[in-house]
Amino acid sequence: MQTSKTAALKKGRTIINPILKDEVIFLETSRESNGVQTLVEVVLAPGGGNPLHYHEDFSEEFTCLEGELSIQLGKQIIRLKPGESATAPVLSRHRFFNQSQQPCRFRCRIAPGCPGFEQTLQLMYGLARDGQANAQGIPKNPYALGYTIMIGGTCMTGWMALLQPLLHWLGRQAIRKGIAAELQRRYLTIW
């Protein structure tokens, strides 16, 4: 059972993407863990998920809490039930998705912690709340998109990997033009 203090903590640290119908609760940030981990709880809508990608600097451990969470790790699909976990090591191509008709809830542990990943979630969900993202939740502004990709620690795969250098260039331009600072001012919360 949740205490009122725990419930208040989660409420104050919850972000919602109205386009994707997803919810992320920040349980522990990289700053709070002295860089050891970023820990979030996610409520993923039916049909939700992300494309195949990898990370050069951190691993991701997924633990299903409610419903069923599917993880693709390389070519293997793993279906997690409550209490089951799977880890995507550094450099492994992976994605998570909900192929059920019900929302699923899972915990994601990123190790070591990644402040850029935490910021990317806040920026992308904030842009979605303000109507500044398309139907897939992708920022409409190319500079904002480039900046979130650049700081998030996520590398795309397949043909989308060809876009990564361009997006990083756009991210650097966002910094130079002050767009990144405005995004940070508007959407970032430091816990």
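Predicted model: local features only at pLDDT ≥ 70, side-chain atom pairs only at ≥ 80, totals over all residues.

Biologist: Which residues of β8 form the covered face, and which the uncovered one?

Modeller: In a regular strand, side chains alternate between the two faces of the sheet. In β8 (residues 85–88), Ala86 and Ala88 make up the covered face, while Ser85 and Thr87 make up the uncovered one.

Biologist: How many of the residues of α3 are buried?

Modeller: In an α-helix there are 3.6 residues a turn, so residues three or four places apart point the same way. Here α3 is mostly covered, with eight of its 11 residues buried. Those buried are Ala144, Leu145, Gly146, Tyr147, Thr148, Ile149, Ile151 and Gly152. Their cover includes α2, β11 (155–156), α4 (164–177) and α5 (179–187).

Biologist: Which residue caps the N-terminal end of α3?

Modeller: That residue is Asn141, which has a side-chain oxygen 2.7 Å from the backbone nitrogen of Tyr143. Just after α3, Gly153 adopts a positive phi of about 75°.

Biologist: Let us turn to a loop residue. Is Gln37 buried or exposed?

Modeller: Gln37 is located in the loop between β2 (22–28) and β3 (38–44). Its relative accessibility is 12%, and because buried means under 20%, Gln37 counts as buried.

Biologist: What does Gln37 touch, leaving aside residues up to four places away in sequence?

Modeller: With those set aside, Gln37 touches Glu28, Thr29, Ser30, Arg109, Ile110, Pro112 and Gly113. With one of these, Arg109, there is a polar contact between side chains, at 2.5 Å.

Biologist: Finally, how many residues line the largest pocket, and which lie nearest its centre?

Modeller: The lining of the largest pocket has 37 residues, and Gly49, Asn50, Pro51, Met124 and Thr154 are the ones nearest the centre. Two or more lining residues come from each of β2, β3, β5, β10 (104–111), α2 (115–129) and α3 (142–152). The largest share, five residues, is given by α2. The space in this pocket is about 1,000 Å³.

Biologist: How do the lining residues divide into nonpolar, polar and charged?

Modeller: The lining of the largest pocket holds 23 nonpolar residues, 12 polar and two charged.

Technical notes:
Residues numbered from 1 in each chain as written. Heavy atoms only, no water. Helix = DSSP H or I, 4+ residues; strand = E, 2+ residues; numbered from the N terminus. Buried < 20%, exposed > 50% of the residue type's maximum accessible area, 1.4 Å probe, protein only. Polar contact = N/O pair within 3.5 Å; in protein donor to acceptor, adjacent residues only side chain to side chain. Contact = heavy atoms within 4.5 Å. 1 Å grid on protein atoms, 1.4 Å probe; cavity = no way out; pocket = protein on both sides within 12 Å on 5 of 7 lines; lining within 4 Å. Points joined across faces, edges and corners; volume = space filled by probe spheres on them. Nonpolar A, V, L, I, M, F, W, Y, C, P; charged D, E, K, R; others polar.
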